[in-house]
Amino acid sequence: MNEIKFYNGENIPLELHKVRIVQKLHLVPIERRLEALQEGGFNTFRLNTKDVFLDMLTDSGTNAMSDNQLAAMMQADDAYAGSQSFFRLQKAVEDVLGKKYYLPVHQGRAAENILSNAYVRKGNLVPMNYHFTTAMAHITQYGGKIAELLYDEAYVINSSHPFKGNMNIEKLEEVIKVHGAKNIPFIRMEASTNLIGGQPFSVQNLRDVRAIADKYNIRIVLDASLLGENAYLVIQREEEFKDSTMGEVMKIMTGLADIVYFSARKLSSSRGGGICTDNADIYKELEALVPLFEGFLTYGGISVREIEAMAVGLYETLDETMISQSPDFIAYLVNALDAHGVPVVKPAGVLGVHVDAMQVCEHIPQKEYPAGALAAALFLISGIRGMERGSISNQRDEYGNETYADMELVRLAVPRRVFTLSQIKYVEDRMTWLYENRALIGGLRFVYEPPVLRFFMGGLEPVSDWPQKLIAKFKEDFGESL
Ligand code: F0G
C-alpha cells in the first residue's frame with residue numbers, strides 16, 4: 001500500500017474513511033470510576049459502558065461497520081431454512097476463504113465446541129502455536145490437553161522478530177513422535193496469535209507445519225479470527241509476498257489448512273462465526289452438530305441481518321485500507337509509549353497495544369495479578385477500559401492449582417475504524433502518567449472465582465488502599481480535570 005506522506009515530515013496514520021454515525025461518550029469523575037470498579041469486582045469485564053470513556057476491552061463485535069454492511073442488513077431474507085442471505089454468505093466464504101463447504105455457528109467458540117466435540121477424546125493432545133482461552137477451555141472440557149509450541153523469541157517482550165506467532169517446527173515433530181500421531185486429532189494454528197500480543201505467523205511457517213502434518217497424516221485447523229490482520233503483516237514483513245494482494249495471501253493461508261474456523265465478531269466486523277473446509281468427509285462429520293448446538297444449517301444461531309453483514313464484511317477484508325487502519329494506529333501507539341519508556345510488546349502486532357504488566361508492576365507478585373491490577377489502575381485514572389491477559393485469564397490445572405501465565409499483559413484493543421488519533425494520544429498520555437506513578441499500584445485478590453473462564457465474571461478486591469493513594473496523586477497532578 002502507498003504510504004501517504006505529510007509535508008511537515010510527521011509520520012502519522014491517516015484515516016481513509018469518514019465518520020457518519022457517532023455515539024456520545026462519557027468521561028465520569030474519578031470518584032465514580034472507583035465506585036464502578038468496586039461494583040464490578042475490579043474486573044474490567046464487569047464494568048457498565050456508561051462509566052467507560054474509551055472502550056479498549058476488545059475488538060470482538062466492536063469494529064465499526066461500513067455503510068455497505070448496514071445497507072445489506074436491510075435486505076436480509078428471514079427464513080428458517082434456505083435463506084437467500086445464507087447463500088450469499090456461503091458464496092462470500094468461498095470467494096474470500098476459498099473453501100467450498102461452510103457451517104455457520106453463532107460465534108468463534110461455538111466452532112471450537114463443535115470441533116472439540118467431533119475430534120477431541122480423553123488423553124488426546126492438540127499441538128498449537130499458542131492457546132486462546134476459549135479454544136483451550138473446549139479442548140480440556142472434552143478431556144484433551146494442549147501443547148504450546150512457539151519459538152523462545154515469542155516470549156521476548158522487546159523484540160524485533162517479525163513472526164513471533166510461528167510454530168516451532170522441530171518441537172512439533174518431537175511432540176508428534178512422543179505422543180503418537182493417532183493421539184493428535186489436529187494441529188491448531190492461530191492467525192495473529194492473540195494472547196502473546198497479536199503476533200503473526202509467516203506463510204513459510206504454515207507451509208512447514210503443513211509438511212509435518214502431511215508426513216504424519218494429521219489435520220491442520222486454522223483459527224482465522226484475525227486472518228486479515230495476519231495477511232496484512234505478511235505483506236509488510238515477508239519478502240515473498242510484498243507485492244501480493246490481501247486476497248492472495250489469505251487464500252494461500254486457508255489453502256494450507258484442512259479446516260478453517262473463525263469468529264466473525266473479529267474477521268468480518270459483524271457477529272457470528274463459521275467452520276469451513278474443502279473436504280466433504282469433514283463436512284459430513286461436523287454437519288449434524290450444527291443443528292444440535294447452534295440452529296438449522298442455513299443460519300447456525302446467527303440473525304439473518306448479521307449474516308448479510310458478515311458476507312459484506314468478508315469481502316471488505318480484501319481491502320488493505322480497511323484492514324490497515326487498526327494495525328497502523330497500534331504501531332503509532334506502541335512507538336509513542338516505547339519512546340516514553342513504557343514497556344510494550346514489540347514489534348507492534350494487531351488487535352491492540354499490549355503493555356507488559358510484569359515490568360510495569362514488578363513490585364506486585366504474580367499471585368496478586370499484576371496485569372489485573374494494572375488494567376484496574378488504568379481505568380481508575382483515565383476511564384480507559386483494557387483487558388487483563390495474564391494469570392487471571394489462565395485456568396487452574398486439573399488439581400486446582402494456579403497456573404501462572406507466561407506473560408502478564410494489559411491489552412488495549414484498537415477495534416477497526418473506531419477511535420480517532422486524539423483519543424489514541426489521550427491513551428498515550430494517561431498510560432505514561434500511570435507508568436511514572438507505577439509504584440502506587442498494588443495487587444488484587446479473588447473474592448469470587450468461577451470454576452470455568454474465571455476472568456469473565458470473577459470478582460476481586462485490592463489488597464490495600466492503593467486505589468485511594470492513586471486518586472490522591474492524580475488530583476495533585478491534574479487538579480479537577482477528569
Ligand atoms: N479465537 C481467537 C483467536 C479469538 O481471539 C477469539 C475471541 C475466539 C477464537 C473466540 O471467538 O469470542 O467469537 O467466541 N477473542 C475475543 C477477544 C473474545 O477479546 O480477543 P468468540
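F42 is found in the loop between α1 (30–39) and β1 (54–55). This is a predicted model. Most residues other than glycine have a negative phi, and most peptide bonds are trans.

The peptide bond from K346 to P347 is cis. Its omega is near 0 degrees. P347 belongs to the loop that runs between α14 (320–339) and β9.

## Two domains

How is the chain divided by the domain assignment? Domain 1 takes two segments, 30–59 and 320–478. Domain 2 covers 67–316. Taken over C-alpha atoms, the centres of domain 1 and domain 2 are 27 Å apart. The two domains touch: 33 residues from domain 1 and 41 residues from domain 2 take part in the contact.

## The three-strand sheet

Strands of a sheet pair through backbone hydrogen bonds, either parallel or antiparallel. Here, three strands make an open sheet, in the order β9-β12-β11. The pairing is antiparallel. β9 (352–356) and β11 (387–389) are the edge strands, and each pairs on one side only. From one strand to the next, the twist averages 30 degrees.

Look at the pairing of β11 with β12 (residues 409–413). Three bridges join these antiparallel strands.

## Helices α3 and α13

Two packed helices are described by the angle between their axes and the distance between the axes. Start with α3 (residues 84–97) and α13 (residues 304–316). Their axes come within 9 Å and cross at roughly 25 degrees. α3 and α13 are therefore roughly parallel to each other, as angles under 35 degrees count as such. The crossing of α3 and α13 is left-handed.

Which residues of α3 and α13 meet? From α3 come S85, F86, R88, L89, K91, A92, V93, D95 and V96. From α13 come V304, I307, E308, M310, A311, L314 and Y315. By class, the contact of α3 with α13 holds 11 nonpolar residues, one polar and four charged.

## Helices α6 and α7

The next pair is α6 (residues 169–179) and α7 (residues 203–216). Their axes come within 10 Å, crossing at roughly 20 degrees. That angle makes α6 roughly parallel to α7. The crossing of α6 and α7 is right-handed.

On the α6 side, the contact residues are I169, L172, E173, I176 and K177. They meet N205, D208, V209, I212, K215 and Y216 in α7. Six residues in the contact of α6 with α7 are nonpolar, one is polar and four are charged.

## Helices α17 and α19

The last pair is α17 (residues 421–436) and α19 (residues 466–478). How do these two helices pack, and at what angle? Their axes are 12 Å apart, and the angle is about 120 degrees. That makes α17 oblique to α19. α17 passes α19 in a right-handed crossing.

D429, R430, W433 and L434 form the α17 side of the contact. L470, K473, F474, D477 and F478 form the α19 side. The contact of α17 with α19 has five nonpolar and four charged residues, with no polar ones.

How values were computed. Residues numbered from 1 in each chain as written. Predicted model: local features only at pLDDT ≥ 70, side-chain atom pairs only at ≥ 80, totals over all residues. Heavy atoms only, no water. Axes fitted to C-alpha atoms, helices over the stretch in contact; angles between N-to-C directions. Helix = DSSP H or I, 4+ residues; strand = E, 2+ residues; numbered from the N terminus. Parallel < 35°, antiparallel > 145°, perpendicular 65-115°, else oblique. Left-handed = near helix turned anticlockwise from the far one by under 90°. Contact = heavy atoms within 4.5 Å. Nonpolar A, V, L, I, M, F, W, Y, C, P; charged D, E, K, R; others polar. Pairing = 2+ DSSP bridges. Domains from an automatic or database assignment.
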